[in-house]
Amino acid sequence: MKRFRFGLAPVTVVEDVRTPDRLATATRRRRPSTPPWWFAAPAMLLFAFVVLVPSVRGIYYAFTDWDGLDPHFSVVGLGNFAKMLDDPNAGQAIWHTLLIAVAITLIQNGFGLLLALGVNTIIKSRNVLRVFLFAPAVVTPIVTAYLWRNLLGPDGAVNSLLGVVGLGALRQDWLGDPELALWSIVGVIVWQFGGYSMVIFLAGLQSIPREIYEAAAIDGTSSIRRFWSVVRPLLAPAFTINLMLSIIGGIKLFDQVYALTGGGPGHATDTISTLIYKDAFTLGEFGYSIALAVVLTIIVAIASSGQYFFLARNERAAS
Amino acid sequence: MNRYTWRTFGLEAVMIAVAVVVGFPVYVLLNLALRAPSDTSSPIAPTTAPTFDNFTQAWQRGALGGALVNSVMVTVGSVLVVLAVSSLAAYPLARVTARWSRGMFLLIMLGLVLPFQLAALPLYQTMRDLGLLGTAWALILFYSGLLVPFTTFLYVGFLRAMPRDFEDAALIDGCTQLEAFRFVVLPMLKPVTVTALVLNAVAVWNDFFTPLLYLSGSSQQTMPVAIAGFVGQYAADWNLIFAALVISIVPVLVVYFALQRSIINGFAGGLKG
């Protein structure tokens with residue numbers, strides 16, 4: 001006898017005593033109605049209003065010279081995209097976006113994986129470290145970015161610290177130097193989200209059964225070899241999620257650039273997202289700005305589908 | 001691997017050193033926030049005469065109390081709506097194999113790939129025409145729709161792995177579909193609801209781009225926009241700015257440390273979903 005409670009009335013379900021396959025046919029025959037379609041209606045309406053309809057309209061506006069206000073505008077075909085080819089800022093912004101996405105993906109996940117391996121041991125501080133190292137990931141990015149804008153300034157704490165430990169020669173204008181600013185932004189993001197990658201890798205590591213480690217250890221393999229041949233393939237799902245999150249997060253990056261450099265010095269750190277914002281709200285070029293958003297969409301779609309197929313193949317190979 | 005050796009100790013020391021480096025900005029943040037603007041010593045030297053002046057000043061001048069209330073309202077409102085509509089939608093989308101169901105699911109999943117920059121500008125125009133610009137309602141409406149694809153994705157994945165015997169039993173016993181959802185399916189969705197709650201709440205609370213667009217120039221600001229405005233206004237007064245940053249971080253960290261287990265599991269939960 002199994003007892004279930006629905007609301008107030010306790011209900012008793014008598015277990016069926018017929019043979020299993022007869023039971024299966026019987027339940028199938030009297031399988032109750034399926035949930036109605038209108039359960040999905042509220043979500044669908046909200047989604048259509050906020051995402052679907054505006055996105056479709058956005059794609060249409062990308063082929064117009066709409067300025068965001070004037071109800072009269074004309075269709076300019078591929079004009080906005082042709083203009084993009086002539087706009088050095090757009091080309092640069094696309095390049096910066098890809099560079100940041102790749103750099104964050106490699107560095108943040110490398111750092112996060114090392115942290116996860118370090119915390120997934122018997123060190124006494126492991127629980128405290130896990131909570132502490134993840135903490136930056138929940139703090140508002142715009143807030144941490146303003147903090148770092150000061151720390152990375154010419155008289156900021158980073159340069160002071162370098163001076164104190166005798167590395168004064170390495171002092172830099174971290175955000176003011178066009179060669180360096182992009183990498184400083186990457187550094188800030190790795191600082192903030194390394195712990196996020198760590199937590200996901202850690203969940204992956206902890207789902208690997210103990211016996212597998214022990215068997216590999218008994219076989220006398222070196223720890224690097226053990227990681228590469230035993231642990232790494234079993235971490236495939238964690239890699240998938242982490243790479244997905246960092247690539248797409250990197251491609252859409254806006255907040256940190258806005259707060260740290262505003263896209264500057266000059267246009268040295270402009271990303272597609274900061275350019276979209278500037279073109280639309282300071283230059284009033286909505287049509288052009290949305291054309292940039294279409295390019296962003298295409299890049300995100302290529303990155304996520306490419307990654308999905310690549311990693312799905314790897315996961316299959318690992319299992 | 002099971003004994004605490006000198007090598008383990010070495011690893012422990014390295015990990016703590018890394019944590020100190022990661023924590024260094026927090027030290028500078030507190031150090032400068034507690035410092036009078038007249039004190040111009042090095043930012044890393046401990047402040048000798050700490051003062052809470054900056055905090056009271058920042059709180060009053062930045063109208064941070066109002067921003068905090070707005071942020072809480074927007075976050076709670078958006079997350080409640082999106083969890084309610086997405087869990088309800090996931091039930092037929094996971095259970096019905098008819099063409100409309102698969103089509104609708106794919107359509108919603110398309111939203112995972114579309115960056116919001118694409119929709120943001122046309123939606124800006126619609127919000128303006130509806131007179132919603134500059135209100136917290138615009139944001140609640142926006143997030144409730146924006147987060148549907150991700151939340152529905154989590155719920156559908158979880159529901160598909162869940163046997164349908166329980167809801168079938170409830171339906172045979174005379175529940176309506178809505179009752180079966182409310183009293184049988186929803187309680188069993190609790191683990192994935194926690195994950196969705198944590199990820200969505202953090203995303204909404206921290207979002208900057210949307211409120212920057214939809215609330216600019218209004219008095220109803222969320223915390224990130226209020227902070228950005230504050231930095232713009234007191235550009236050189238870093239002690240004051242740092243106090244404002246601390247004020248904005250404290251509520252987040254209090255919640256984080258109080259609920260750290262569920263929050264970290266929530267973030268790691270995507271792995272199982």
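Gly174(B) follows H8(B) and has a positive phi, near 100 degrees. Helices here (H or I, at least four residues) are DSSP runs, as are strands (E, at least two), numbered from the N terminus. H8(B) itself spans residues 165–172 of chain B, and its buried residues are Glu167(B), Asp168(B), Ala169(B), Ala170(B) and Leu171(B). Buried means under 20% relative accessible area, exposed over 50%, and partly exposed in between, with a 1.4 Å probe and protein chains only.

This is a predicted model, in which local features need pLDDT of at least 70 and side-chain atom pairs count only at pLDDT 80 or more, while totals for chains, interfaces and linings use all residues. Residues are numbered from 1 along each chain as its sequence is written, chains are lettered from A and ligands numbered from 1 in the order in which they are written, and side-chain values use heavy atoms, with hydrogens and water left out.

Confidence comes next. The predictor gives the complex an ipTM of 0.89 and a pTM of 0.86. Chain B has a mean pLDDT (the predictor's confidence in each residue, from 0 to 100) of 88, and 98% of its residues reach 70 or more. Within chain B, H14(B) has the lowest confidence, at a mean of 85, and helix H3 (residues 64–95) the highest, at 94.

Thr75(B) sits in that helix H3 of chain B. Its relative accessibility is 10%, so Thr75(B) counts as buried. Leaving out residues up to four places away in sequence, Thr75(B) touches Ala201(B), Val204(B) and Trp205(B). Contact means heavy atoms within 4.5 Å.

Now the interface. In chain A, 99 residues are in contact with 97 residues of chain B. The area buried between the two chains is about 8,900 Å², and carbon and sulfur atoms give 79% of it. Buried area is the accessible area (1.4 Å probe) that two parts lose on being put together, summed over both. How many salt bridges cross the interface of chain A and chain B? The rule finds zero. That rule asks for a side-chain nitrogen of Lys or Arg within 4 Å of a carboxyl oxygen of Asp or Glu.

Rings of Phe, Tyr and Trp (its six-membered ring) pair if their centres lie within 6.5 Å; planes under 30 degrees apart count as stacked, over 60 as edge-to-face and the rest as tilted. The count over all chains is 36 aromatic pairs. One of them is Phe134(A) with Tyr256(B), a tilted pair at 5.9 Å centre to centre and 45 degrees between the planes. Phe134(A) is buried because its relative accessibility is 0%. Tyr256(B), at 1%, is buried too.

Another pair is Tyr196(A) with Phe267(B): the centres are 4.9 Å apart and the planes at 90 degrees, so the pair is edge-to-face. Tyr196(A) lies in helix H8 (residues 181–206) of chain A and Phe267(B) in helix H14 (residues 260–268) of chain B, so this pair also joins two chains. Both Tyr196(A) and Phe267(B) are buried.

Charges also sit over rings. The charged end of Arg232(A) is over the ring of Trp228(A), 4.0 Å from its centre. In chain B, Arg160(B) lies over the face of Phe105(B), at 4.9 Å from the ring centre. The test requires NZ of Lys or CZ of Arg within 6 Å of the ring centre and within 35 degrees of the ring normal.
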